[in-house]
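Student: I would like to learn how to read a few features of a protein model. Could we take them one at a time?

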Amino acid sequence: MDGAELIIQEINREAEQKIQYILNEAQKEAEKIKEEARKRAEARAEWILRKAQTQAETEKQRIIANARLEVRKKRLEVQEELIQEVITALRERLAELPEEEYFPMLVDLTVKALEELGGEACIIRSNVKTLKLLESKLGEFRKTVAARLGRDVEISLGEPISTIGGVLVETPDSSVRVDNTFESRIERFESELRAEIAKALFG
C-alpha cells in the first residue's frame, strides 16, 4: 500500500467520524426538540384542560344561578297569583256581607273616620245598597255612632258612589273627607295584608 492510498483511507476515516458525530449531534438535537415540543404540548394540553374546567365551572354556576332565579321568579309569580286570588275573594266576601255583620262594621268605619275628621256634622256616601241599609236604620246608626264617639254628630246620607262597600265620610261642604271604603282600606293596608297572606300561604 503506497502513501497516497493511506492518506485517502485516513481522510475517509476522519470523514466517517465527522459524519457519525454530526449524525449523533443531530439525533440529540432532534430528541431535545421532541422533548421540548412534548413538554410544550403537555403544558398546552394542561392549560386547555384547566381553561375548559374553569369554563365548565363558570357555566355550571351560571346555569345554577339562572335556575335559582327562574325558580324564585316562578315562586313570586305563584305567590302573587295566590295573593291576588285571596284579595279578590276578600273583596267578594266584603261585598256580600250579611246585614248583621255589615251594619256594626259600618258603625266602626264611620266612628274611625269621624275621629279623624272631627266636627259636629258629616255626610256619609257609599253604594246604593249600603245607603239603603243606613237609611233603614238611620236612628240606630246615629245613636250608636254618638255613643261610641261620646258626642252627638249630625249625620246625613249623600249621593251614592261606586264602591263594593264601606263608607266615605266628608264634611258638609265636602272640603275634607276620610275614605273608609273597602277598596281604600284594602289599598292602604295592602302591604300588611300581602305579608299576612304570604305568611299564611307560604310560612
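Student: Which residue stands opposite L168 in β3?

Tutor: Start from the general idea. Strands of a sheet pair through backbone hydrogen bonds, either parallel or antiparallel. In this predicted model, R125 stands opposite L168 of β3. Strand β1, residues 121-125, and strand β3, residues 166-170, run antiparallel. Three bridges join β1 to β3.

Student: What is the strand order in the open sheet?

Tutor: The order is β2-β1-β3-β4. The sheet is open, has four strands, and its pairing is mixed.

Student: Which strands stand at the edges?

Tutor: Look for strands with a single partner. Here they are β2 (154-157) and β4 (177-181), so one side of each has no neighbour in the sheet.

Student: What span should α2 have, and what is the distance between its end C-alpha atoms?

Tutor: At 1.5 Å a residue, the 19 residues of α2 should span 27 Å. The end C-alpha atoms of α2 are 26 Å apart, which agrees. Just after α2, G118 takes a positive phi of about 70 degrees.

Student: Which residues of α2 are buried, and what do they pack against?

Tutor: The cut-off for buried is under 20% relative accessible area. In α2 the buried residues are Y102, F103, L106, V107, L109, T110, V111, A113, L114 and L117. They pack against the strands β1, β3 and β4. They also pack against the helices α3 (128-136), α4 (138-149) and α5 (182-188).

Student: Where does R91 lie, and what does R91 touch?

Tutor: R91 lies in helix α1, residues 3-95. Leaving aside residues up to four places away in sequence, R91 touches I164, E183 and I186. R91 and E190 are 99 residues apart in sequence, yet 12 Å apart in space, C-alpha to C-alpha.

Student: Is R91 buried, exposed or partly exposed?

Tutor: The relative accessible area of R91 is 32%. Buried means under 20% and exposed means over 50%, so a value in between counts as partly exposed. R91 is therefore partly exposed.

Student: What does the UniProt annotation say about residues 12-46?

Tutor: The unreviewed UniProt entry annotates residues 12-46 as "coiled-coil region". In the model, that span is 100% helix and 0% strand. The end C-alpha atoms of residues 12-46 lie 50 Å apart.

Definitions and conventions:
Residues are numbered from 1 along each chain as its sequence is written. This is a predicted model: local features need pLDDT of at least 70, side-chain atom pairs count only at pLDDT 80 or more; totals for chains, interfaces and linings use all residues. Side-chain values use heavy atoms; hydrogens and water are left out. Two strands pair if DSSP finds at least two bridges between them. Helices (H or I, at least four residues) and strands (E, at least two) are DSSP runs, numbered from the N terminus. Buried means under 20% relative accessible area, exposed over 50%, partly exposed in between (1.4 Å probe, protein chains only). Contact means heavy atoms within 4.5 Å. UniProt positions are given in the numbering used here, feature names are shortened, and annotations may be inferred rather than shown by experiment. The expected span of a helix is 1.5 Å times one less than its number of residues.
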